[in-house]
Amino acid sequence: QVQLQESGPGLVKPSQTLSLTCTVSGASIATMFNYWAWIRQAPGKGLEWMGVISYSGSTYYSPSLKIRTSIARDTSKNHITLQLLSVTPEDTAVYFCAQSKKLILGATERNLYDFWGQGTQVTVSS
């Protein structure tokens with residue numbers, strides 16, 4: 001059973017960088033055809049796909065967030081990281097990581113992913 005656990009600061013000040021980690025157990029992030037996505041949900045809004053990193057380390061980003069987003073991996077720790085630059089209150093959301101066996105750019109439907117983390121709340125406020 002694959003488990004994903006998001007972690008990071010619950011409160012970030014505007015203009016700062018948000019950094020989150022998704023720790024994976026039950027599977028190797030480098031195993032072929034595993035894709036690891038970051039998805040968020042702002043209060044009162046739908047899910048928003050942010051980007052994905054592949055088993056080989058290739059990354060793909062949402063065009064609207066690309067300039068501020070960086071997804072990386074640490075295979076020795078078996079985790080995925082997300083950095084979001086210059087945050088504003090509009091970045092307040094629950095942030096999820098999710099795993100799929102196919103590269104599905106932009107997808108937010110839960111049934112397209114095999115596993116999801118429980119999510120971590122991030123609030124951007126001074």
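The model is predicted.

**Overall form**

The protein chain contains 11 strands and 0 helices. Along the sequence its elements follow the pattern β-β-β-β-β-β-β-β-β-β-β. The radius of gyration is 13 Å, close to the 14 Å given by the globule rule for 126 residues, so the chain is as compact as a globular protein of that length. Taken along the principal axes, the C-alpha atoms of the protein chain fill a box of roughly 40 × 30 × 25 Å. Of the 126 residues, 41% count as buried. Among contacts between residues at least 6 apart in sequence, 56% join residues that are at least 24 apart.

**The sheet E1-E3-E8-E7**

Four strands form an open sheet in the order E1-E3-E8-E7, and their pairing is antiparallel. Strand E1 (3–7) and strand E7 (69–74) stand at the edges, each with a single partner strand, so one side of each has no neighbour in the sheet. On average, neighbouring strands of this sheet are turned by 20 degrees against each other, with direction ignored.

Within this sheet, strand E3 (residues 18–25) and strand E8 (residues 79–84) run antiparallel and are joined by 6 bridges. Thr-23 has His-79 in E8 as its bridge partner.

**Strand E4 and its partners**

Strand E4 covers residues 35–41. Of its 7 residues, 6 are buried, so E4 is largely enclosed by the rest of the structure. E4 pairs with E5 in the antiparallel sense over 7 bridges, and 7 bridges also join E4 to E9, again in an antiparallel arrangement. Individual residues illustrate both pairings: Ala-37 has Val-52 in E5 as its bridge partner, while the bridge partner of Ile-39 in E9 is Phe-96.

E4 and E5 form a hairpin with 5 residues between them. In the turn of this hairpin, Gly-44 has a positive phi of about 75 degrees.

Ser-54 is found in strand E5. With a relative accessibility of 4%, Ser-54 counts as buried. Apart from its neighbours within four places in sequence, Ser-54 is in contact with Asn-34, Tyr-35 and Arg-73. Ser-54 and Ser-70 are 16 residues apart in sequence, and their C-alpha atoms are 13 Å apart in space.

**Aromatic pairs**

The structure holds 4 aromatic pairs. A pair of aromatic rings is described by the distance of the centres and the angle of the planes. Two of the pairs are set out below.

| Pair | Centre to centre | Angle between planes | Arrangement |
|---|---|---|---|
| Tyr-35 and Tyr-55 | 5.7 Å | 75 degrees | edge-to-face |
| Phe-96 and Trp-116 | 5.8 Å | 80 degrees | edge-to-face |

The pair of Tyr-35 and Tyr-55 links distant parts of the chain, 20 residues apart. Tyr-35 belongs to strand E4, whereas Tyr-55 lies in the loop between strand E5 (47–54) and strand E6 (59–61). Tyr-35 and Tyr-55 are both buried. Together with Phe-33, these two residues form one aromatic cluster.

The pair of Phe-96 and Trp-116 joins strand E9 (residues 93–100), which holds Phe-96, to strand E10 (residues 115–116), which holds Trp-116, so the pair ties together parts that are 20 residues apart in sequence. Phe-96 is buried, with a relative accessible area of 7%. Trp-116 has a relative accessibility of 18% and also counts as buried, because the term buried applies under 20%.

**Phe-96 in context**

How values were computed. Residues numbered from 1 in each chain as written. Predicted model: local features only at pLDDT ≥ 70, side-chain atom pairs only at ≥ 80, totals over all residues. Heavy atoms only, no water. Pairing = 2+ DSSP bridges. Helix = DSSP H or I, 4+ residues; strand = E, 2+ residues; numbered from the N terminus. Axes fitted to C-alpha atoms, helices over the stretch in contact; angles between N-to-C directions. Phe/Tyr/Trp six-rings, centres within 6.5 Å; stacked < 30°, edge-to-face > 60°. Buried < 20%, exposed > 50% of the residue type's maximum accessible area, 1.4 Å probe, protein only. Rg over C-alpha atoms; globule rule 2.2 N^0.38 Å. Contact = heavy atoms within 4.5 Å.
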